[in-house]
Amino acid sequence: LKPFWPECGRESAMKIDTSAALPWLLVCNLCGVASAKPKNKDDEMQKVLMSHHSFAAPLEYHGLLDDWTVSGASLFERERLLMHPGVAERHGFIWSKAPLLTNDFEVTFSFRVAGEQNPAKLLHDQSFGFYYVMENVSKGFNETAFIKAESWAKGMADHGLTLGGSKAVFDGFGAVLSMADKNGKPRPAVSGFSNDGHTTLSWGTNLPVPEAKQIDFRNTLNAAQMRIRVKPTSVQGWLKLSPSLSWNECFTLDRSKIPVKSGGYVGLTAWSGTSAVGVTADSVSVTQLEVRNFDETSIGEEMKDVSAQIQETYMQMLTDENRHFLDQKSQSDHLARLVDLLSEHLKTAKPADAQLFEKLKGYEQRVDRLNTDCKNIVQGAHLFMGTSSKEHAEAHKNGVQLMKNEIMGMRRILVKDHASHRQKLDEVSKNLGEVRDKAGKDNAPAMLNQIVKQTNNLEKTVKSRGSQMSWMMFCLLTSIVVIGVLMYNRMNYYEKKHFTA
C-alpha cells in the first residue's frame with residue numbers, strides 16, 4: 001500500500017487535512033491494526049473465546065472428551081454437565097487436558113444447585129468449585145484405583161482429593177461455593193483462595209474462608225452465573241443469581257507477590273457431602289463454561305485445528321514488538337505475513353473443504369429427491385381428494401365407495417373359491433393319509449426278512465466261492481511242483497546219458 005503523503009516524519013503527516021486521512025484511517029480500522037495506542041485491558045472487543053476450554057449446550061460429548069477428562073459422578077448430557085446427582089458421598093470431576101497459554105483471562109460459567117428448600121436439612125460439607133492449577137491433574141488421575149476403592153471418600157483420600165473434590169496441595173487459586181459458612185451454619189457462601197504449592201489446605205479449617213461472601217445461589221429460577229477475572233497480579237470473582245440481575249462482588253485475591261503464571265489447567269470439582277441421617281445432598285450441574293483470553297500477545301490455547309507452522313506464525317505475529325504499526329512499513333510486513341498465513345491455511349483446509357462440498361452436494365441431491373417425492377404425494381392427494389372443499393368432499397365420497405367395491409369384490413372371490421379350495425385341500429390330505437397308511441403296514445417287516453435272507457445267501461455264496469478259490473490255488477501249486485519235479489528228473493536223465501555216452 002502506498003501512502004497518500006510523501007515520505008516524511010510523523011509531525012508532517014499530522015498536518016495533512018483530516019478529510020484526506022479519513023480513508024486511510026478507515027482501512028486501518030477495518031484491518032484492526034491502525035491504532036498505536038494500546039487497548040484497554042478489559043475491552044469487551046478484545047477478549048477471545050478459547051473453544052477447547054469452553055463448552056455450551058447442546059453438548060456433544062464425543063468432541064468434549066478430547067478436551068476434558070470427566071470422572072466420578074460427573075456426566076456430559078445433552079443440555080448440561082451433571083457434576084453429581086442429589087446423592088451423598090459423590091465426587092464430581094472435570095479437568096482440561098491442555099493448558100492455558102495465558103495468565104490474563106476471564107472465566108464465566110452458568111450453574112444450578114437444586115435440592116432441599118430448608119438449608120438446615122442439607123449436608124454442610126458439600127461444595128462445588130472452580131480451580132486453576134499448574135499441575136496436569138487429568139494426566140495423573142487414576143480412575144481404576146477410584147473404582148477399586150472401598151468408597152468414594154477412601155478413593156479421594158488416597159489421591160489427595162480432600163478439598164471439596166480437589167487436591168489439598170496445589171499451585172494456583174480456586175473459587176469454592178459451599179453450603180455452609182466458616183462456622184458451619186447452613187448459609188451458602190462463596191470463597192476465593194490461593195495456594196503456593198506447599199501448603200496443605202483442609203475443609204473446615206482453611207475453607208470456607210472467614211471473609212466468604214454469603215449469597216444464596218441454591219434453587220434459583222434461572223441458572224446462576226459465576227465470573228472470575230484473572231490478571232497476573234490479581235484474581236476477582238463475581239456472582240449473580242440470574243442473567244438479568246447485577247453482579248455481586250465475592251472476592252479479590254492479591255497476587256502481586258506470587259503472580260499468576262500461564263500454563264495452568266482449569267477444572268471443576270464437587271463433593272456432595274458425607275452421608276448422614278436426616279440430611280440430603282444437592283444436585284449440581286453446569287450448563288455453560290466460557291474461558292476468554294484478554295492477552296493480545298498470547299495465543300491463549302493450542303490451536304489443534306491448524307498446522308504447527310500456522311500456529312507458530314500466528315504466535316510470532318502476536319508477540320511482534322511492532323504489532324501496533326507505528327509506521328507503514330511495519331503494517332505492510334504484517335499484512336504480508338497475514339496473507340501468507342491465510343494462504344497456508346487455505347492450502348491445508350482445501351481437502352477438507354472439498355470433502356465437505358461433496359457431502360453438501362450429496363445432501364442437496366437427497367433434498368431434491370425428497371422434494372420430488374413430496375410433490376408426487378401432494379399431487380396424488382389432490383387427484384384423490386380434490387383441491388377445493390366441494391371437490392374434496394365429492395372425491396372423498398367416491399374414493400370411499402370405490403374402496404368398498406374393491407373390498408366387496410375381494411370378499412366375493414374369497415367366498416366363491418373357498419369351497420373348491422377346501423375340497424382340493426381335503427383330497428390332498430386324503431392322499432397323504434393313504435400313502436402314510438400304506439407305508440406303515442406289515443410290508444416293512446416282510447421286506448426286512450427278505451433282505452436278511454438275501455444277505456445270508458450272499459454270505460454263503462461268498463464263503464463257497466472262497467473255498468473253491470482256495471482249492472484251485474492248492475491244485476495249481478501242486479501241479480507246478482509236480483511238473484517241476486518231472487522236468488528236473490528228465491534233465492538229469494539227459495545229462496547222465498550225454499556224459500556217459
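## Arginine 229

A polar contact is a pair of N or O atoms within 3.5 Å; within protein, one must be able to donate a hydrogen and the other to accept it. In this predicted model, a polar atom of the arginine 229 side chain lies 3.2 Å from the backbone oxygen of phenylalanine 105.

Arginine 229 belongs to strand 12, which covers residues 224–231. With a relative accessible area of 2%, arginine 229 falls under the 20% limit and is therefore buried.

## The cavity

Rolling a probe the size of a water molecule over the atoms shows where empty space is left. The structure contains one cavity of 30 Å³ or more. The volume of the largest cavity is about 40 Å³.

The lining of the largest cavity is made up of Tyr132, Met134, Asp171, Gly172, Arg255, Ile258, Pro259, Val260 and Lys261. By residue class, five of the lining residues are nonpolar, three are charged and one is polar.

## Valine 260

One of the residues lining the largest cavity is Val260. Valine 260 sits in the loop that runs between strand 14 (248–254) and strand 15 (265–271). Its relative accessibility is 3%, so valine 260 counts as buried.

Leaving aside residues up to four places away in sequence, valine 260 is in contact with Asn103, Tyr132, Val230, Lys231, Pro232, Val235 and Arg255. Among them, Tyr132 and Arg255 also line the largest cavity. Lysine 231 is 29 residues from valine 260 along the chain, and the C-alpha atoms of the two are separated by 7.0 Å.

How values were computed:
Residues are numbered from 1 along each chain as its sequence is written. This is a predicted model: local features need pLDDT of at least 70, side-chain atom pairs count only at pLDDT 80 or more; totals for chains, interfaces and linings use all residues. Side-chain values use heavy atoms; hydrogens and water are left out. On a 1 Å grid over the protein atoms alone, a cavity is a set of points where a 1.4 Å probe fits but cannot get out, and a pocket is an open set with protein on both sides within 12 Å along at least five of seven lines; lining residues have an atom within 4 Å of a point. Grid points are joined across faces, edges and corners, and a volume is the space filled by probe spheres set on the points. Ala, Val, Leu, Ile, Met, Phe, Trp, Tyr, Cys and Pro count as nonpolar, Asp, Glu, Lys and Arg as charged, and the others, Gly among them, as polar. Helices (H or I, at least four residues) and strands (E, at least two) are DSSP runs, numbered from the N terminus. Buried means under 20% relative accessible area, exposed over 50%, partly exposed in between (1.4 Å probe, protein chains only). Contact means heavy atoms within 4.5 Å.
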